[in-house]
Amino acid sequence: MNAVYISPNHLISLPCYKPRQFFSSARESTLSGRTPLIQIRGRSIVSACLNVDVAAHNTSKSKLEKTKDVIEMEGKFLVGTYARTPVVLERGEGCKLYDVEGREYLDLSSGIAVNALGHGDVDWLKAVVEQAATLTHTSNIFYTIPQVKLAKRLVDSSFADRVFFSNSGTEANEAAIKFARKHQRHTTTNGKEPATEFIAFSNGFHGRTLGALALTSKVQYRTPFEPIMPGVTFLEYGDAQAATELIKQGKIAAVFVEPLQGEGGIYSATKEFLQSLRNACDETGTLLVFDEVQCGLGRTGLLWAHEAYGVFPDMMTLAKPLAGGLPIGLVLVTESVASSINYGDHGSTFAGNPLVCSAAIAVFDKISKPEFLSSVSKKGLYFKELLRQKLGGNRHVREIRGVGLIIGVDLDVSASPFVEACQNSGLLVLTAGKGNVVRIVPPLIITEKEIEQAVHILFQNLKVLDK
């Protein structure tokens, strides 16, 4: 197998070395003016000398790659937990996705708000390939450099003092549940019973594992798996008075709230609501947990969604966009919370491994730049303005809301036929809320031209709402 070096004028094929040998040669090559790259589908990326065939992409399709066959095989071999869209995606680049039949889609779903840098970001790819060739996984028995570097970046840029890594958003919320219970046990004195209950809110979504599911408001998600974790009270999102009264009873270990609800329908909290929660929690020793799994890390045009309110939590959960599509989750905590946690209280085999942390560093370093965040805010305002111009006058459109590049178009009818029509026109969007909200969460790198293209397709398909 050969490694491919790409210079401005030549493709140079060299024998494939072992990883350490390869990167030594790569450094030497860079110094000599030759960039160590591999060309995939016409794009130049850094090569890790993987054992893959780098021949020209074979455009002929096997039976397996055909849409119908793939869908049939999925139905035969996978557990039926997903009502999938009948599209078989094969590759992506930037804000575009391509299916096995060659159709192009403008992606405003981002893998459910995950692919913040789009598909195939060169810096992300370089980080992943280099780390994969160096060290992928060790478990948390040992120290690893990428994990510590990422943790420092997260702490330095937030309210938090420490980080716990997990593999997903629901795992992050499970950890926060355990940390809240342990913190209350650790800090309760004078023979009192520690607070063990939780507050969550209407339209809230925190995950599908049993603890996080208990905090998720949709009854249809919870009912098939009852009994689930007891002690959760659901209140109306934004009802500060009810929350304050319940917190002051002294039985609440933690309050879980999304500063901006994604799955619930793109609803933003108010400063007054979050500040009231903060004040009540401070009075009673209750922990305030912000779930920013979907709305955090630049999605709103700020690094953290709660920065817009000037209200800060005791814990924050994060996941979706951080590793650019690789599985990661985490809980950011204050020193007060961290001091309650001992060796063995929680853990994960895969969490925070070198591969995923290197990917996350590449993502974080791009998104956290002030100019990048500013561009998200500007594009979000432009997107909403165009939506209001083109869609706002339609009788089925009740509201266009959101912050940055998390936008909801609230309809008075089901959004599903509209979403399907857009898909058939080459635009991928999602539903949210009770199925009546069009959820728009594009890659944060989307261009104004792509925004205009997206709004045009949305406008062209409004007629579906009348059927």
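**View 1. Strand E14 is mostly covered in this predicted model.** The strand spans residues 287-291, and five of its five residues are buried. Follow the side chains along E14 and you will see them point two ways: Leu-287, Val-289 and Asp-291 go one way, while Leu-288 and Phe-290 go the other way. Whichever way they point from the strand, all of these residues are buried.

**View 2. Strand E14 meets strand E11.** Here E14 is shown with E11, the strand made of residues 252-257. The two run parallel and are joined by four bridges. To find one of these pairings for yourself, look for Val-257, whose bridge partner in E14 is Phe-290.

**View 3. Strand E14 also meets strand E15.** E15 covers residues 315-318 and runs parallel to E14, with three bridges between the two strands.

**View 4. Asp-107 is a buried residue with no salt bridge.** This residue belongs to strand E7, which holds residues 104-107. Which side chain of opposite charge is nearest to Asp-107? That is Arg-299, 8.9 Å away.

**View 5. A closer look at the surroundings of Asp-107.** The Asp-107 side chain reaches the backbone nitrogen of Ser-110 at 3.0 Å. Beyond its neighbours within four places in sequence, Asp-107 is in contact with Cys-95, Leu-97 and His-119, and also with Leu-428, Pro-442 and Pro-443.

Notes
Residues numbered from 1 in each chain as written. Predicted model: local features only at pLDDT ≥ 70, side-chain atom pairs only at ≥ 80, totals over all residues. Heavy atoms only, no water. Buried < 20%, exposed > 50% of the residue type's maximum accessible area, 1.4 Å probe, protein only. Lys, Arg positive; Asp, Glu negative; His and termini not counted. Salt bridge = Lys/Arg side-chain N within 4 Å of Asp/Glu carboxyl O. Polar contact = N/O pair within 3.5 Å; in protein donor to acceptor, adjacent residues only side chain to side chain. Contact = heavy atoms within 4.5 Å. Pairing = 2+ DSSP bridges.
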